[in-house]
Amino acid sequence: MVNLLDFDLDGLAAFCEGLGEKRFRAVQLLRWIHQRGQADFGQMSDLAKSLRDKLAGRAEVAALPVISQHESRDGTIKWLFDVGGGNAVESVFIPEDDRGTLCVSSQAGCAVGCRFCSTGHQGFSRNLSTAEIVAQLWFAEHFLRRHLQTEERVISNVVMMGMGEPLQNYDRVLPALRLMLDDHGYGLSRRRVTVSTSGVVPMIDRLTRDCPVALAVSLHAPTDALRDQLVPLNRKYPLDELLSACARYLASAPRDFITFEYCMLDGVNDGPEHARALLELTRRHAAEGLRCKFNLIPFNPFPQSGLLRSPAPRVLAFAGLLNNAGIVTTVRKTRGDDIDAACGQLAGDVRDRTRVQQRMARQRAATSQKKVVS
Ligand code: SAH
Ligand code: SF4
């Protein structure tokens with residue numbers, strides 16, 4: 001069975017062509033699936049009966065099983081999805097006055113292994129397929145429309161900031177991004193789809209050519225010596241190479257700045273000397289056309305990290321130094337921390353994974369029992 005969530009418009013058109021169908025059928029299908037949330041071919045009323053029959057035996061719109069859903073006091077909703085083989089990934093919906101943002105996962109686990117990230121500590125399981133990436137958005141958007149009783153689009157922004165390093169799963173992430181932007185798909189603005197990366201330099205260059213969207217780069221340190229410790233990928237792609245790639249990216253990016261994410265770790269990277277070193281680093285690349293903003297993320301602790309969150313006054317002083325030097329710097333509001341949905345807390349620690357696996361086993365047992373009963 002082919003899962004149609006695996007295709008962007010060109011992919012679906014090729015699939016339809018294989019069935020002897022014209023491209024406009026792919027447009028119709030895409031609209032039914034993504035704009036209307038329809039998974040049942042029988043309900044797609046303007047599709048030729050012959051096509052519906054062809055699809056029925058060969059294709060499906062397969063969602064991911066939801067293991068759990070938690071809603072925070074602040075309205076943030078976190079879903080845990082079963083991707084099989086004992087793996088689970090999370091998506092988080094963050095409502096704000098003027099937008100609705102979905103944070104999407106790209107891998108089960110992550111191979112980069114950043115010291116302060118609970119997904120990194122979990123290790124790498126596997127890449128998600130395009131369908132598994134898209135299924136997070138498909139489910140969340142249509143669930144939220146029902147939940148909020150609206151026919152209007154709820155999710156206006158997508159950030160690839162869930163579990164995994166999106167640019168280490170480039171070939172699966174690319175069709176998903178195209179579908180987010182496609183007017184027949186989710187029709188999101190390029191400025192409102194953000195890829196966040198720990199700095200996979202060659203893939204930043206490919207993204208510029210293939211699908212320029214907003215780019216966030218997880219910097220976390222102003223020097224190679226420190227960044228090597230925090231983000232091991234830095235040993236392969238050091239800071240000067242990374243910042244030059246960021247400058248090249250801006251030539252065709254939908255926004256005229258890169259967002260640098262910087263996780264504030266107590267006594268590690270949060271002193272005035274680090275802020276000054278950052279200013280020097282970004283100035284060195286300004287001549288290449290680098291323009292940037294900083295987003296300081298309060299560290300969300302988890303048991304095995306051995307790291308602490310920087311005290312608020314230190315974060316504010318750090319932001320002040322950057323702002324005074326003319327670099328717009330914001331401090332990220334922590335959302336959904338009462339349901340472990342904040343940055344870096346996703347399906348991470350071992351206890352949580354054990355709970356996840358127990359829940360999945362219970363759910364499977366319940367489903368098979370139901371089958372026996374009916
Ligand atoms: N792999 C990509 C995207 C996922 S991580 C990347 O690293 O950019 C999304 C963001 O959450 C990154 O900026 C990451 O550094 C940050 N993050 C990870 N663990 C965190 C933690 N424990 N507390 C706060 N932010 C964290
Ligand atoms: Fe991977 Fe990003 Fe976590 Fe680093 S911060 S381990 S790149 S998910």
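The dialogue below takes several terms in turn and sets the values against their cut-offs.

User: What kind of model is this, and what pLDDT does the protein average?

Analyst: This is a predicted model. The protein averages a pLDDT of 91, and 91% of the residues score at least 70. Over residues 348–354 the pLDDT is below 50, and this stretch has 13 contacts in the model beyond near neighbours in sequence. Over residues 367–374 the pLDDT is also below 50, and here the number of such contacts is zero. Where pLDDT is low, the predicted coordinates should not be read in detail.

User: What makes the pair Glu-261 and Ser-196 a polar contact?

Analyst: The side chains of Glu-261 and Ser-196 approach to 2.8 Å. The cut-off for such a pair of N or O atoms is within 3.5 Å, and the pair is therefore listed as a polar contact.

User: Which residues have N or O atoms close to an oxygen atom of ligand 1?

Analyst: A side-chain N or O atom of Ser-196 is 2.7 Å from an oxygen atom of ligand 1. For the side chain of Glu-261 the corresponding distance is 3.0 Å. In Thr-197 a backbone N or O atom is involved, at 3.5 Å from an oxygen atom of the ligand. Taken alone, ligand 1 exposes 530 Å², of which the protein buries 95%. Strands E10 (193–197), E12 (258–264) and E13 (292–298) are the elements that give two or more residues to the shell around this ligand.

User: How many residues surround ligand 1, and which are the closest?

Analyst: Ligand 1 is surrounded by 20 residues, and the closest are Phe-116, Gly-164, Ser-196, Ser-218 and His-220. By class, the shell holds nine nonpolar, nine polar and two charged residues.

User: Which residues are around ligand 2, and how do they divide by class?

Analyst: The residues around ligand 2 include Cys-110, Cys-114, Cys-117, Gly-164 and Glu-165. Its shell has four nonpolar, four polar and one charged residues.

User: Where is Gln-149, and why is it called buried or exposed?

Analyst: Gln-149 is found in the loop between H5 and strand E9 (157–160). Its relative accessibility is 74%. Exposed means over 50%, so Gln-149 counts as exposed. Gln-149 also has a positive phi, of about 50°, although it is not a glycine.

User: What makes His-147 partly exposed?

Analyst: The relative accessible area of His-147 is 39%. Buried requires under 20% and exposed requires over 50%, so His-147 falls in between and is called partly exposed. The residue belongs to helix H5 (residues 130–147). Leaving aside neighbours within four places in sequence, His-147 is in contact with Glu-71 and Ile-77.

User: How do you know that Ser-91 is buried?

Analyst: Ser-91 has 0% relative accessibility. The limit is under 20%, and therefore Ser-91 counts as buried. Ser-91 is found in strand E5 (residues 87–96). Its side chain makes a polar contact of 2.8 Å with the side chain of Gln-136.

User: Why is Ser-45 called exposed?

Analyst: The relative accessibility of Ser-45 is 56%. The threshold is over 50%, so Ser-45 counts as exposed. Ser-45 lies in the loop between helix H2 (23–35) and helix H3 (49–58). Not counting residues up to four places away in sequence, Ser-45 touches Trp-32 and Arg-52.

Methods. Residues numbered from 1 in each chain as written. Chains lettered and ligands numbered in written order. Predicted model: local features only at pLDDT ≥ 70, side-chain atom pairs only at ≥ 80, totals over all residues. Heavy atoms only, no water. Near = heavy atom within 4 Å. Polar contact = N/O pair within 3.5 Å; in protein donor to acceptor, adjacent residues only side chain to side chain. Areas by Shrake-Rupley, 256 points an atom, 1.4 Å probe, with all protein chains shown as cover. Helix = DSSP H or I, 4+ residues; strand = E, 2+ residues; numbered from the N terminus. Nonpolar A, V, L, I, M, F, W, Y, C, P; charged D, E, K, R; others polar. pLDDT = per-residue confidence, 0-100. Contact = heavy atoms within 4.5 Å. Buried < 20%, exposed > 50% of the residue type's maximum accessible area, 1.4 Å probe, protein only.
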